[in-house]
Amino acid sequence: MIRYEKKKSLITQQAEAEQKFLDIFEAGEYTAASPLVVGNPYLISPLTAMILFKTSVKQEVTLTVKGKEPEGDISHTFPADTVHILPVYGLYADYDNTVELVLSGGEREKVIITTEPLPPEVPVPTFCKGSREHMGDNVIFLTQTSKADALACDYRGDVRWYLTVNVCFDLKRLANGRLLVGTDRLIK
């Protein structure tokens, strides 16, 4: 007799994880000075996080992941709102990452997000020659045709993002800045 194990899809797992942190957020009193921080919120990208908080008036927020040197800073300004659910990309592995929040009302806060070391299966680049002048705060996405994690490196070759699922071959950056990513189901 063959037994089949029913497994939740990644989309279902991610929806459940998101609902869990949103429920925690709604039940709490999170501010810019004391935000809710969720590491690896969608379960497949350990160098990402979400920072969630509320403000009494609508404010823009500029979020900066501080680099190991100033040239490594990655920043984004989010539109004015009172509910701030901010994705954080570009954390370093095995590091106490400083994330700076600057609100349009003048408030400045720092959040420390500590990450785990890169797992041995993450293919770290052996050579990268780039400059901040050339790349800005963009990253280079690397994907393999074999079973290896997709990753992104900054101008120094430091890994600033990776996936724990094999997305197969290629990532495409769309004109609006979003990424088009394959799926591990293609491999099966």
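Select T31. Leaving aside neighbours within four places in sequence, T31 is in contact (heavy atoms within 4.5 Å) with F53 and K54. T31 sits in the loop between α1 (10–27) and β1 (36–39); helices (H or I, at least four residues) and strands (E, at least two) are DSSP runs, numbered from the N terminus. T31 counts as partly exposed because its relative accessibility is 36%; buried means under 20% relative accessible area, exposed over 50%, partly exposed in between (1.4 Å probe, protein chains only).

This is a predicted model: local features need pLDDT of at least 70, side-chain atom pairs count only at pLDDT 80 or more, and totals for chains, interfaces and linings use all residues. Residues are numbered from 1 along each chain as its sequence is written, and side-chain values use heavy atoms, with hydrogens and water left out.

Next, select I51, F53, L63, V88, L91, V99 and L101. These have the most contacts inside the largest nonpolar core, which has 23 residues. Such a core is a set of buried Ala, Val, Leu, Ile, Met, Phe, Trp, Tyr and Cys residues joined through side-chain atoms within 4.5 Å. Strands supplying at least two residues each include β2 (49–65), β3 (74–88) and β4 (96–103). β2 gives the most, with six.

Centre on V88. Not counting residues up to four places away in sequence, V88 touches L47, T48, A49, I51, L63, V65 and V99. Another core, of eight residues, lies apart; I44, A150, L163 and L171 are among them.

Finish at E109, in strand β5. Beyond four places in sequence, E109 is in contact with A32, A33, V99, E100 and L101.
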